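Colleague: Hey, I've just opened this one and I'm new to it. Can you walk me through it?

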Amino acid sequence: MKTLLLHCRTGFENEVCAEIGDLAGQMNIAGYAKARPGTGFAEFICNGGDDLEHLMKKVRFSRLIFPRQWARGEWLHLPEGDRIGILLEYLATIPACSSLWLEVLDTNEGKELSTFCRKFEAPLRRALTKSGYLLDGGAGPCLLMTFRSGREVFVGIAEKGNSALWPMGIPRLKFPRQAPSRSTLKLEEAWHHFIPRSEWDDRLTAGMTAVDLGASPGGWTWQLVNRYMRVIAVDNGPMNEKLMDSGLVEHQHVDGFVFRPRKPVDWMVCDIVEKPARNAALLENWIGEGLCREAVVNLKLPMKQRYTEVKRLLERIESGLAGRGVQAGIACKQLYHDREEVTCHVRVFKS
Ligand SMILES: C[S@@+](CC[C@H](N)C(=O)[O-])C[C@H]1O[C@@H](n2cnc3c(N)ncnc32)[C@H](O)[C@@H]1O
């Protein structure tokens with residue numbers, strides 16, 4: 001398998017190329033990345049036999065910033081008549097898989113193809129199970145098929161537990177009707193991405209304290225309150241009245257870059273639209289000064305060199321914290337609900 005397919009938000013194909021090219025370079029894996037703008041995917045083409053397998057085993061998918069999904073494999077052309085026959089023939093040449101996802105790209109054409117995929121999935125699944133290729137729940141890799149049209153599919157695999165949490169990396173989150181803004185889904189998605197579900201009851205729990213910088217009208221605060229945390233909401237703008245009625249929110253009309261809590265808090269979240277370097281410095285200061293133990297901060301992206309800039313900021317946070325003797329886990333992702341931005345998560349390791 002010589003091709004690594006990487007899904008992404010449309011418009012970020014070059015960032016994916018830069019990121020995967022950088023990683024491959026660090027691992028001495030020869031190859032080249034290519035993409036066409038607006039297609040919602042990029043490819044990394046490799047010459048060496050097992051290089052892609054090696055790369056996908058060494059790199060944690062969740063650590064990648066811009067890719068939403070990945071799989072190594074190849075593009076197949078399918079005839080109008082017997083698509084399943086051709087797929088079975090091809091799949092006989094690669095290891096049996098333990099799960100199957102049919103995916104499309106996050107483009108208008110992709111959306112139109114979703115109906116086709118829904119109809120195609122049941123007969124395909126039946127045929128793969130009957131042939132013994134698909135061993136549901138087994139130890140084999142995940143089979144990820146990305147349809148570009150009804151006649152063109154990328155048939156790829158990814159190691160179990162090392163690909164997107166949801167098909168195409170798009171979370172199925174329901175907008176909570178009581179939440180004051182759609183931004184609420186950004187913080188919920190961040191938690192799903194950065195915090196294993198099994199740890200939510202310890203790390204997002206009743207009685208914890210949080211500060212929400214740039215909180216108005218309260219979408220992120222709503223998520224914190226929904227986990228029964230006490231929140232200081234910092235913003236000159238108004239907060240949703242119903243949310244204030246919860247009795248768990250204190251509204252501070254002050255500058256988020258100046259505000260400091262009286263006592264350290266468990267969580268700091270920040271959705272202020274500012275230069276990314278300023279938000280990154282804020283994040284470093286809060287964690288570095290011990291003002292919070294865990295934080296989620298939104299970083300707006302510049303127009304150009306977006307991967308380079310994010311990498312530079314992450315390195316700066318890392319070296320800044322190391323310089324202060326703080327050991328912390330730093331992660332960053334362009335979430336599905338992020339637009340021209342990425343979400344950064346930092347957690348202080350317990351000493
Ligand atoms: C994208 S909105 C936040 C939306 C909010 N997270 C939600 O879910 O409803 C950005 C907010 O940052 C606030 N803001 C901008 N500069 C700020 C500053 N220096 N200090 C505090 N808030 C600021 C704005 O008033 C605005 O309400």
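Colleague: How far is an oxygen atom of the ligand from a polar backbone atom of glycine 218?

Modeller: That distance is 3.2 Å. Keep in mind that this is a predicted model.

Colleague: And what about the backbone of serine 216?

Modeller: One of its backbone N or O atoms lies 3.2 Å from an oxygen atom of the ligand.

Colleague: Which residues around the ligand come nearest?

Modeller: There are 17 residues around it, and the nearest are Ser181, Asp235, Asp255, Gly256 and Asp271.

Colleague: OK, switching to helices. At what angle do H9 and H10 cross?

Modeller: Roughly 25 degrees, and the axes of H9 (residues 276–288) and H10 (residues 306–323) come within 10 Å. The angle is under 35 degrees, so H9 counts as roughly parallel to H10. The crossing of H9 past H10 is right-handed.

Colleague: What kinds of residues make up that contact of H9 with H10?

Modeller: They split into 8 nonpolar, 2 polar and 2 charged. Among them are Leu283 and Ile287 in H9, along with Leu313 and Ile317 in H10.

Colleague: How does H1 pack with H10?

Modeller: H1 (residues 13–26) and H10 have axes 8 Å apart and an angle of about 55 degrees, which makes H1 oblique to H10. Glu15, Ala18, Glu19, Asp22 and Gln26 of H1 make the contact with Arg306, Tyr307 and Lys311 of H10.

Colleague: How many of those are charged?

Modeller: The contact of H1 with H10 has 5 charged residues, plus 2 nonpolar and 1 polar.

Technical notes. Residues are numbered from 1 along each chain as its sequence is written. This is a predicted model: local features need pLDDT of at least 70, side-chain atom pairs count only at pLDDT 80 or more; totals for chains, interfaces and linings use all residues. Side-chain values use heavy atoms; hydrogens and water are left out. Axes are lines fitted to C-alpha atoms, for helices over the stretch in contact, and angles run from 0 to 180 degrees between N-to-C directions. Helices (H or I, at least four residues) and strands (E, at least two) are DSSP runs, numbered from the N terminus. Angles under 35 degrees count as roughly parallel, over 145 as roughly antiparallel, 65 to 115 as roughly perpendicular and the rest as oblique. A crossing is left-handed if the near helix is turned anticlockwise from the far one by less than a right angle, and right-handed if clockwise. Contact means heavy atoms within 4.5 Å. Ala, Val, Leu, Ile, Met, Phe, Trp, Tyr, Cys and Pro count as nonpolar, Asp, Glu, Lys and Arg as charged, and the others, Gly among them, as polar. A residue is near a molecule or strand if one of its heavy atoms lies within 4 Å of it. A polar contact is a pair of N or O atoms within 3.5 Å; within protein, one must be able to donate a hydrogen and the other to accept it, and residues adjacent in sequence count only if both atoms are side-chain atoms.
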